[in-house]
Amino acid sequence: MMVTPFGVLLGLIDAAVHRLPDVLTLPVAGGTVALLGIVALLPGHHGSWATAAGGSIVLAALYFVMFLINPSGMGLGDVKLALSVGALLGWYGWPTLFLGTLVAFCLAALYGVGLMILRRATRRSAIAFGPFMLLGALAGVAFGAWTT
């Protein structure tokens, strides 16, 4: 997919500095929705642009609520990245959106527990969530493409 290089870049940036810059997240979100809209016009596609747009909004809204509940636990960069991730996962349907989101949280939890076992972090330590969102999106898109 054309957004993959941007996803890799965003994941590396977030892992290094715990920031997802607007200069990347917002254009990628708009570009993802627009590119999926173009693909939806082509014959033989196996996705839904309406579900992609809805998934983008729903996932970003979910992350925004988590940001409001605990601003130190979820950043606005994650909320903006959720626009792209939600669109990509939503293209394949709501179950794929749910699966990709679940994979992201499970991977982040495993990583956090691993850090605590190794005594490199505590329950209050911050970890970058963007890379896990992107890995969840990869898993979801692979699953969605495989099942269609």
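Arg 119 is exposed at 75% relative accessibility, where exposed stands for over 50% relative accessible area, buried for under 20% and partly exposed for the range in between (1.4 Å probe, protein chains only). The structure is a predicted model, in which local features need pLDDT of at least 70 and side-chain atom pairs count only at pLDDT 80 or more, while totals for chains, interfaces and linings use all residues. Residues are numbered from 1 along each chain as its sequence is written, and side-chain values use heavy atoms, with hydrogens and water left out.

Arg 119 is located in the loop between H5 and H6; helices (H or I, at least four residues) are DSSP runs numbered from the N terminus. Its phi is positive, about 60°, although Arg 119 is not a glycine. Most residues other than glycine have a negative phi. A positive phi, near 55°, also occurs at His 18, which is found in the loop between H1 and H2. His 18 is partly exposed, with a relative accessibility of 41%.

The loop between helix H1 (4-17) and H2 also holds Arg 19. Arg 19 has a relative accessible area of 61% and is therefore exposed. Apart from residues up to four places away in sequence, Arg 19 touches Ile 13 and Asp 14, contact being defined by heavy atoms within 4.5 Å.

One salt bridge is found in a search of the whole structure, the criterion being a side-chain nitrogen of Lys or Arg within 4 Å of a carboxyl oxygen of Asp or Glu. Asp 22 and Lys 80 form a salt bridge, with 2.7 Å between the closest N and O atoms. This pair links distant parts of the chain, since Asp 22 belongs to helix H2 and Lys 80 to helix H4, 58 residues apart. Asp 22 is partly exposed, at 38% relative accessibility.

Asp 78, by contrast, is buried and has no salt bridge; Lys 80, the nearest side chain of opposite charge, is 11 Å away. For charge, Lys and Arg count as positive and Asp and Glu as negative, with His and the chain ends not counted. Asp 78 lies in helix H4. With residues up to four places away in sequence not counted, Asp 78 touches Asp 14, Leu 20, Tyr 63, Phe 129, Gly 130 and Met 133.

Val 79 is likewise placed in helix H4 and is buried, at a relative accessible area of 10%. Beyond its neighbours within four places in sequence, Val 79 is in contact with Ala 60, Tyr 63, Phe 64 and Phe 67.

Among the buried residues of H3 are Leu 59, Ala 60, Tyr 63 and Phe 67. The cover of the buried residues of H3 includes helix H2 (22-41), helix H4 (76-91), helix H5 (94-117) and helix H6 (130-147).

Leu 107, Leu 110, Leu 135 and Leu 138 make a nonpolar surface patch of about 390 Å². H5 and H6 each give two or more residues to this patch. Patches consist of residues with over 30% relative accessible area and no salt bridge, nonpolar side chains (Val, Leu, Ile, Met, Phe, Trp, Tyr) being joined within 5 Å; areas come from the Shrake-Rupley method with a 1.4 Å probe. Leu 138, in helix H6, is exposed at 57% relative accessibility.

Key: Patch = residues over 30% accessible without salt bridge, like charges linked within 9 Å, V, L, I, M, F, W, Y side chains within 5 Å.
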